[in-house]
Every structure is written in structure tokens, then in C-alpha cells.
Amino acid sequence: MSVDAVAYLKARAAGRSQDAEGHWHATERAERRARLKILQLRGLVRETQDVWLDQRAADLGATYAFEALIGSMVLAVVAFITVLGHRLQSRFSQAARNLEIAKQERIEEARRFASFAEIGSDWMWETDARFRFTFVSEGIASIRQDPQRMIGFSPFGGYTATPNSENAYNTAMAHIRKHLPFKGLVMPYDIGAGHIAWISTDAVPVVAADGTFLGYRGVSRNVTGLVEAQNALTASEERYHSVLDALDGLVYRARLGDVWTMEYLSSGSKRLFGADPDRFVGMPAKALCALALHPDDVARHDLAVEQALQSRSVFEIEYRMKASDGGYRWILEHGRVTDDEPGLAPRLDSFMIDISARKDIEAALAAARDAAEAASRAKSEFLAMMSHEIRTPMNGVLGMAGVLMDTDLTPEQRRSVSTIRQSGESLLRIINDVLDFSKLDAECMELENLAFNLHALLGYSIEIVAPRARAKAIQLNAEASPDLPRFIRADAGRLRQVVLNLLGNAVKFTEKGGVTLKACAVTRDDGSAMLRVSVIDTGIGIAADRIERMFQSFSQADASISRRFGGSGLGLAISKKLIQRMGGQIGLASEAGKGSTFWFELPLVVASAEDVDEGANGFSAQDVENALATIKGLGRPLRLLIVEDNATNLLVAKSVLAKFAIDPDVAGNGLEAIEAVRHSNYDVILMDVHMPEMDGLDATRAIRALPPPASNVPIVALTANTFGSDVENCRAAGMNAHVGKPFRREDLIMAIADALNGTVTARPSLEPAHASTDAMVVDWKVIEKFRANSGEDMLRLLIDTFLGDTAKKLQQLAELLRGGKASAEAARIAHSLKSAGAMAGAPALAQAAAAMEKAMAKGGVPTEGDGRALSDLFEEYRARLVAKGLAA
């Protein structure tokens with residue numbers, strides 16, 4: 001039997017097999033070699049490739065089977081013991097290696113633990129069951145303690161209880177006695193030399209497996225800096241809150257997120273509203289505002305905060321807030337919205353203070369102010385009314401005195417009339433001064449800024465006072481520097497008023513010598529140009545101790561001055577107020593007995609000739625001189641009849657004619673005109689067209705029907721109807737010339753001359769009645785031109801006359817329109833308002849009246865609303881004049 005066969009049989013007997021590749025395992029190979037060796041020693045087998053030779057071949061199978069089994073078992077035991085030994089040895093070796101690794105890891109872990117324990121100012125420690133240190137890390141040196149010397153001492157023995165830490169200490173001690181963990185125990189620790197360190201400690205108990213308490217293990221750290229910072233912060237907050245609590249107001253903070261939330265309120269809420277501030281913390285701020293604010297102020301308050309939120313800016317607002325008694329208190333809130341906290345919504349920091357007392361004072365002051373203003377208005381209205389009521393008859397007195405002066409009078413009569421006229425002029429000046437001062441004192445006078453000829457204004461002023469200077473035989477001079485501009489911008493009327501006042505005073509207080517008016521342009525240190533006007537006299541002068549009083553109200557240099565020279569003492573006070581209102585200054589230099597120099601300076605604003613409404617009349621000065629020559633060529637005073645029903649137009653016409661020494665007769669309508677022509681011979685008639693009783697066209701036809709020479713009198717139409725058809729109608733009725741209203745004085749004098757020469761002319765109005773509907777309420781150029789041509793007194797008389805007459809006509813028109821019917825009388829009133837408004841510088845009123853007249857001519861029926869529109873324009877015109885001090 002071959003070796004492989006024996007091995008195969010042995011393997012089967014032992015219950016083993018080859019591996020997947022037909023190889024024997026190492027242990028099986030050893031068993032096989034041992035078994036074959038035994039068989040060979042017994043002579044039972046010999047190794048051959050063919051068969052096993054045995055003398056007992058018959059018993060070979062059985063013998064082999066038994067011995068193979070015994071051998072296999074022996075080999076199996078030997079192999080098992082061998083393998084087991086190998087395996088145990090391998091496992092013991094692995095266990096030894098694992099134990100060494102674990103030992104090294106524990107050593108490394110201990111090193112890491114020791115390293116961590118020594119890092120920073122924290123220190124780790126352990127105690128035994130009697131609370132004595134058994135271990136302390138090196139970190140305890142941060143509080144000047146030696147870790148080795150701390151062994152055996154209690155970690156809780158060095159604490160020093162303070163009022164602020166006593167409760168925390170007692171709580172921690174209670175935990176320690178019960179062997180409980182504790183965390184965040186912060187206590188002051190006496191580290192010697194009078195120093196205290198604040199220590200924060202966390203600790204847990206160490207317990208054996210059987211539950212026996214072995215001690216504590218913990219970590220401590222030095223938190224002295226943190227505690228001191230916290231104490232400083234707490235002290236700062238306490239001071240801050242103390243200040244807030246001391247404030248007479250309320251401080252709050254709100255977070256302006258999706259819902260405005262109240263974060264903080266100071267204790268001022270108790271004083272303001274009797275409410276604990278803690279009640280409001282966390283509540284919606286808008287809801288609180290809606291409950292506490294006055295309903296009328298909620299939206300305004302929210303809007304102020306919203307605007308501040310959008311612009312991240314401050315706001316200040318006053319509103320009413322409900323108090324604890326149910327009433328409302330006035331609150332002033334000043335707040336700021338900021339957005340400097342990343343991740344958080346913007347916040348509102350605000351301060352509120354009760355201003356109810358201030359509001360009460362303001363209300364009282366407002367009431368007092370209103371009462372004072374009412375009293376001032378009443379005074380101004382009274383003065384204006386009295387001025388108006390006195391000026392009107394005084395103008396009549398002065399006018400009649402002038403008429404008497406032109407008649408043949410005895411010397412005694414002339415002296416009496418002269419005294420009447422001088423007294424009347426003095427009284428009129430006082431009335432005007434009182435009214436002007438009242439307006440200036442109440443700051444109701446507005447100033448205008450128009451271009452005008454400065455040289456002409458100064459020359460006019462000299463011309464006004466020249467007669468008085470000649471009467472006293474004193475010289476009157478005027479000097480203008482070469483650099484003085486001819487045209488400037490300012491309030492010409494008020495400037496003229498000041499110059500006339502200074503010149504008038506100089507002439508009044510100078511008995512011999514002369515008065516000089518000087519004007520020049522000066523440059524200040526800051527580079528600004530100024531107009532300087534000086535009035536120098538050789539009069540009585542002023543004592544040094546009286547100079548400061550000269551510009552005070554109702555003040556003169558000496559009480560005897562008023563008795564000797566008269567006057568109210570308001571002229572200089574008014575001049576000072578006017579100059580100051582115009583941005584200038586006024587002063588004087590004087591010496592008793594040696595004369596005075598009064599001066600003023602105003603900002604100099606140069607204008608051009610194009611800015612001044614001059615030279616627009618279409619004819620030259622020579623034409624006017626020729627016209628005047630025609631009138632003077634009569635060799636006697638011109639006999640002139642004015643037919644005019646409108647008081648304003650009549651006053652303007654008479655004022656213009658007076659400048660040319662023409663004194664007209666007056667008729668109020670066509671019938672009166674016919675009667676006047678029948679009894680007197682006139683050189684020229686100025687005929688209005690629209691008049692009551694009989695209009696100008698019918699009156700002209702009637703006059704032309706009279707026997708000569710009355711029928712041949714030249715008639716000039718003086719009307720606001722300026723269309724071509726109107727001119728043709730006038731000519732068809734027999735008129736010789738046509739002058740439109742409003743007119744220039746040159747227009748009128750040229751028309752009169754043309755009529756005397758037999759020339760048929762038609763001169764348009766200064767401003768067509770059909771001009772743009774967006775006209776000015778007041779045309780100040782018209783006002784100023786009238787003032788320049790006729791003087792201040794005539795201007796005031798014109799305005800008073802226009803206001804009084806127009807008010808009556810508007811009332812009549814309102815009564816006519818109330819019936820809803822158009823009438824000839826309503827059309828006549830509209831026509832009268834059109835012309836008078838243009839003459840008085842009220843273009844808006846004039847054009848509105850012209851539009852009404854035109855509509856009625858086409859069959860339209862004006863309404864009460866149309867009448868009210870005219871009244872509104874009239875009242876606005878009046879208000880503008882009141883603001884200028886020209887009307888009551």
C-alpha cells in the first residue's frame with residue numbers, strides 16, 4: 001500500500017480531511033510521519049508505490065484500523081496540546097502587549113491631565129472625607145499660595161464672608177455638609193498682606209463603590225478682575241439709575257422690531273403716571289402709546305418715531321398723555337433711534353418730561369399776547385380810523401385854504417388863511433406820524449423793493465422844503481458824489497419820508513446859514529456798498545447830554561423846543577425804525593449852538609434804467625412843455641370842467657391838474673355837466689362816459705345841441721372804455737379826444753392841449769383793462785408814481801377815498817346781484833370799479849370788474865359769487881395796504 005493510501009486511510013480513521021487544495025495541515029502531517037514511523041518499526045508496513053507486504057495480510061485491514069484509531073487519538077492529543085500551547089502563548093503575548101499599551105496610555109493621560117492642571121489661573125484639587133486637601137495643582141500660585149503647603153488644609157477655610165456673599169456662602173456650606181455638588185460659588189478669599197482675591201469654585205463629591213463619601217474633587221479660578229469689573233459696572237448702573245430716578249422725567253428704551261417692545265422704564269413713570277415701571281417691561285410699546293396718548297396725538301407720535309427709524313436720527317415732539325388722575329399732561333419727548341447692535345432690531349432711547357406747567361405758562365403768555373395784540377390792533381385801528389376821519393376834512397380845510405390864498409385877500413385875511421393852512425399842515429403831519437409810528441411799533445408795516453431814480457427822489461425832496469427855506473432866507477444846497485448811482489432798489493416812499501423828515505427838521509431849526517443835503521456811496525470794511533445820506537444844518541444844535549434821547553418816541557432836545565417850534569417828537573423815532581427795518585443805521589453829530597449833522601446808511605443795491613418804469617409815455621419832455629405852453633398861451637387860468645362820478649378818479653384827476661396849477665370845476669353826472677355848461681364858459685371838458693342819471697355820451701350830444709359858444713367847447717373823453725369801438729362811439733357823440741383810464745399826468749395834459757388846438761387824439765390807458773387775469777393785487781409802481789407826483793398826503797387821501805368809495809359800491813353791487821338780475825346800475829358799478837381800481841393801483845380788482853362788465857354787455861347775468869369774488873380782491877388789496885401802513 002502506498003504512503004498516500006495509508007495516510008488517506010489514517011485520515012479517514014481520524015475523521016480528518018485535506019484542505020481545499022488537497023494539502024495536509026501541519027499538525028496532520030506531523031501525525032502522519034509519527035504513525036508511519038511506528039508502523040515501520042513494527043515491521044507492519046514498508047513504503048512502496050504499489051502495495052503493503054505483510055505476512056498477515058488477511059488481518060492487515062483490521063489491525064490497521066484499530067492501531068490507526070489509537071494512533072490517531074494519541075496524535076490528536078499531542079497535536080491539541082501543541083496547538084493549545086501555541087495559542088495560549090500567543091494570547092499571553094498579546095495580553096502582555098495590550099497591558100503595556102494601556103500602561104503607556106495611562107501615563108500619557110496622566111501627563112495631559114497634569115499639563116491641563118498647570119495651565120492658566122485655574123487650579124484643580126481633591127480633598128479627603130474631612131475636607132482636607134490631598135492634591136492641589138500649581139495654578140493656585142495665581143493667588144500667592146504654595147500648592148505643597150496647602151496639602152492638609154481645608155479649601156473652605158480661607159473664605160471671608162461679606163454682606164454681598166454671605167447668602168451664597170451659606171448655601172454652598174449647606175451643600176458641602178450634605179455632600180452635594182455645587183457650582184459657581186464666588187467668595188472673597190484672604191490671600192494675606194491685606195489682599196482679597198475673589199475665587200469661583202465648582203466641585204463634585206467623590207463616592208466609593210459602596211457609597212462611602214471619600215471627599216471632594218473641584219476646580220477653582222481667580223475671578224477678582226471680573227468681580228471688580230462687575231462691581232464697578234453695578235456701581236455705575238446704580239449711579240446711572242440714581243440719576244435717572246432723580247430726573248424730573250421718564251427715560252425708556254424700546255426695541256423696534258416687528259413688534260415694538262418696551263425694554264426699560266425709569267422710576268419716573270411713577271411720578272408721571274403713578275405706575276410701576278416693571279409693569280410695562282416686555283409690553284408692546286405701540287399698544288401702550290395707543291392707551292396712554294391722547295387720541296389726537298397718537299398718529300403724530302408714531303409718524304415722528306417712524307421717520308426717525310427710517311433716518312436713524314433724533315426726534316422731538318410734544319403731545320398729551322393720560323396721567324394717573326385720568327387727566328392729560330403735556331409731554332415733551334426727545335428720542336433717538338440707533339442701530340449699532342448686530343443681530344438685534346433698532347432700539348429707541350427716549351427721554352420724556354412733563355411740560356404741563358410750561359404749557360400753562362405759554363397759554364397764559366399767548367392769551368396775554370393775544371390781548372396785547374388785540375389792544376395794539378384796537379389802538380392801530382382807532383388811530384387809523386381817527387387818522388382817516390381827521391385827514392379827510394383836513395385835506396378839505398387845506399384845499400380851501402389854498403383856494404382862498406389864490407383869491408384877492410386883504411393882508412389881515414391872508415395872514416389868517418396862512419395861519420389856518422400852516423396849522424392844518426402841522427396837524428396833518430402829526431396825524432400821519434402817529435399812524436406811521438403805530439404801524440411800525442406793531443411791526444405791521446411792510447417794505448417794498450422797487451427800482452427808482454435816486455437823484456430824482458433827492459431833488460424832489462429838496463423841491464418840497466425849498467419854499468420854507470426861501471421863506472426863512474436860508475440857503476438850501478444838495479451835493480451828490482460822482483460815484484453815486486442814479487438808479488437803485490429800495491422802498492422809495494419810505495426813503496423819501498426819512499429824507500424829508502431830516503430836511504424838514506433842519507430847515508425848521510435853522511434860523512440863519514443854510515442846510516445841505518449830501519449823498520454818496522461808501523464801502524464798509526467787509527466790502528459791502530452803502531448809500532450814505534447826510535443832512536447838515538447851521539441851526540440851534542443839540543447838547544451832548546440830549547443826543548441819546550433824540551431818536552426816542554415823543555422826545556425832543558428840550559421841552560421848550562415843542563413850545564417854540566412845535567412838532568410831536570415822533571419824526572426821528574419813525575425815521576430810525578424805518579431805517580432799521582430797511583437794514584441800515586441812523587445817527588447824528590451835534591454841538592449846541594453850532595448846528596447838527598443827521599445821517600443814515602442803507603445797503604446800496606444798484607439798478608438799471610430798464611428796471612425803472614420811466615419814459616414809457618411815448619412822448620418827450622419837450623412835448624409836455626409845448627402842451628403847457630399852449631395852456632399858458634391863454635393868458636389866464638384854464639377854465640376846466642371835470643365830469644366824473646367816481647370819487648377816486650376825481651381825486652386823481654384833480655391831483656394831476658393841481659401839479660399844473662389847474663383848478664377845475666366838478667360835475668357828478670351828465671345832467672350836472674349840461675347845467676354847468678349853460679352857466680359858465682369852459683375851455684375844456686373832461687367827460688366820463690358811464691355815470692348815473694345821464695352818461696357822458698348823451699351829455700356830450702346834449703351839449704353839442706346847445707347854442708354857441710357852449711356847443712363848441714372841446715370835450716375829452718376820460719373813460720376806462722379803451723376799445724376801438726369805444727373811441728368811435730365817443731367821436732360819434734361829438735367828443736374831440738379820448739384818454740383811457742388809468743392815465744398818466746402827461747397823457748392828460750397833452751390831451752387838454754390837443755383839445756385847445758383842435759386836434760382829435762386818442763390816447764390808450766396806462767394798462768388795458770383786458771390784460772392778463774393773473775394781475776397783481778397791488779401795483780406798487782402806480783402807488784409810488786402817485787406819491788412821487790402828488791406827495792404823501794395826497795396818496796393817503798387817494799387811498800382813503802378809494803377804499804371808502806369802493807366799499808360802498810361793492811355793498812350796492814351785492815344788493816343788486818342778490819336778486820339775480822342784471823341791471824344797468826350793476827354794469828355801471830362794475831365799470832366804475834374797473835377804472836377806479838386801475839387808478840388806485842388795484843389791477844386784479846380792476847380786471848375782475850372789467851370781466852364782469854364785459855360779460856354783462858354780452859347778456860350775461862353775474863351771480864352773488866361774482867360779487868363776493870370782487871369783495872375778496874378788494875379786502876386783499878386793503879390788507880396789503882394795511883400791512884404797508886397806508887390804510888386802516
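How many bridges join strand β9 to β10, and in which sense do the two strands run? In this predicted model, β9 (residues 328-338) and β10 are joined by eight bridges and run antiparallel. Within this pairing, H334 has F351 of β10 as its bridge partner. Strand β10, which spans residues 347-354, also pairs with β6 (residues 249-256), again in the antiparallel sense, over seven bridges. In that pairing, D349 of β10 stands opposite R253.

The loop between α7 (285-292) and α8 (298-311) contains D297. With a relative accessible area of 3%, D297 falls under the 20% cut-off and is therefore classed as buried. A polar contact of 3.1 Å links the side chain of D297 to the side chain of R300. Once neighbours within four places in sequence are set aside, D297 is in contact with Y319 and R320.

The largest nonpolar core comprises 60 residues, of which L640, L686, F743, I752, F802 and Y877 touch the most other members. Helix α22 (residues 792-818) gives the most to this core, contributing nine residues. For L686, when residues up to four places away in sequence are not counted, the residues touched are L640, L641, I642, V643, L657, V716, L718, L748 and I752.

Key: Residues numbered from 1 in each chain as written. Predicted model: local features only at pLDDT ≥ 70, side-chain atom pairs only at ≥ 80, totals over all residues. Heavy atoms only, no water. Core = buried A, V, L, I, M, F, W, Y, C linked by side-chain atoms within 4.5 Å. Buried < 20%, exposed > 50% of the residue type's maximum accessible area, 1.4 Å probe, protein only. Helix = DSSP H or I, 4+ residues; strand = E, 2+ residues; numbered from the N terminus. Contact = heavy atoms within 4.5 Å. Pairing = 2+ DSSP bridges. Polar contact = N/O pair within 3.5 Å; in protein donor to acceptor, adjacent residues only side chain to side chain.
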